[in-house]
Amino acid sequence: MTSIAANLQAVRARIFAACTDAGRAPESVQLLAVSKTWPASCISQAIAAQQRHFGENYVQEAIEKIAALGSETVEWHFIGPLQNNKTKLVAGNFAWVHSIDNLKTAQRLDNQRPPGFPALKICLQVNVSGESSKGGVSPEHALQLARDVSNLPNLSLRGLMAIPAATTETAVQRQQFAMLREVKTEINRHGLELDTLSMGMSHDLEAAISEGSTIVRIGTAIFGERQ
Ligand SMILES: *Cc1c(COP(=O)(O)O)cnc(C)c1O
């Protein structure tokens with residue numbers, strides 16, 4: 001077994017254990033393998049080990065890997081900051097975007113989604129840490145953005161994503177994940193039907209799952225430390 005296959009198995013075991021602890025079905029959490037900075041050959045190893053969802057942060061780098069590996073067996077998720085001059089490439093190559101925090105970018109993706117493609121699945125990135133260095137719409141403005149994005153016909157608004165402040169304190173991790181869950185509950189109370197919480201990374205997936213995560217985004221624990 002390659003180390004990537006072994007790491008995937010270990011991450012799946014962590015997800016399974018966290019779901020069991022939380023009284024949740026293991027299938028309710030999807031594993032997104034974050035392959036940024038790693039070559040297509042590493043992704044191929046993960047594909048051989050039955051991994052299907054991959055997350056990328058840098059458009060140009062991702063496009064090369066998507067061209068090499070295709071989109072038939074793999075579902076590609078864009079999870080990084082998105083500049084307006086890159087929206088067309090993202091609209092034409094990805095199935096999901098997790099990092100939408102403004103209406104203008106969403107409108108561009110909606111306009112640029114190629115005809116005949118299924119709706120682009122969207123998560124709004126919410127700033128749950130209050131750090132000004134972090135992207136994301138504020139929790140107070142998330143409902144309005146959700147309403148606006150849900151009206152765009154070529155997008156399918158699915159949920160919320162957060163990158164919490166880095167901390168090893170479980171209580172603080174859980175507090176930030178709980179905030180994202182509460183924002184989703186509040187949006188759904190207003191008639192939308194979000195079903196996705198994209199939260200949890202290599203060091204905090206257990207806390208995220210205990211607070212309701214449905215997609216964990218895992219890089220380091222699968223592929224190793226990035227340079
Ligand atoms: C890099 C990245 C991850 C993966 O983080 P790890 O700590 O390597 O698991 C998850 N989400 C986003 C948005 C990232 O940029």
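Which strands each supply at least two residues of the lining of the largest pocket?

Tutor: The model is predicted, so local features need pLDDT of at least 70 and side-chain atom pairs count only at pLDDT 80 or more, while totals for chains, interfaces and linings use all residues. Residues are numbered from 1 along each chain as its sequence is written, and side-chain values use heavy atoms, with hydrogens and water left out.

Strand S4 (96–100) and strand S8 (215–218) each supply at least two residues of that lining; strands here are DSSP runs (E, at least two residues), numbered from the N terminus. A pocket is an open set of points on a 1 Å grid over the protein atoms alone, where a 1.4 Å probe fits, with protein on both sides within 12 Å along at least five of seven lines; its lining residues have an atom within 4 Å of a point.

The largest pocket holds about 440 Å³ of space, a volume being the space filled by probe spheres set on the points, which are joined across faces, edges and corners. Its lining has 26 residues, and Lys36, Asn57, Ile79, Ile163 and Met201 lie nearest the centre. By class, the lining divides into nine nonpolar, twelve polar and five charged residues. Here Ala, Val, Leu, Ile, Met, Phe, Trp, Tyr, Cys and Pro count as nonpolar, Asp, Glu, Lys and Arg as charged, and the others, Gly among them, as polar.

The ligand sits in this largest pocket, in that more than half of its atoms lie within 2 Å of the grid points. Around the ligand (a heavy atom within 4 Å) are residues including Val34, Lys36, Asn57, Ile79, Ser202 and Thr220. This shell has five nonpolar, four polar and three charged residues.

A side-chain N or O atom of Asn57 is 2.7 Å from a ligand oxygen. For Ser202, a polar side-chain atom lies 2.5 Å from an oxygen atom of the ligand, and for Thr220 the distance from a side-chain N or O atom to a ligand oxygen is 2.6 Å. The protein covers 89% of the 390 Å² of accessible area that the ligand has on its own, by the Shrake-Rupley method with a 1.4 Å probe.

Terms used:
Polar contact = N/O pair within 3.5 Å; in protein donor to acceptor, adjacent residues only side chain to side chain. Helix = DSSP H or I, 4+ residues; strand = E, 2+ residues; numbered from the N terminus.
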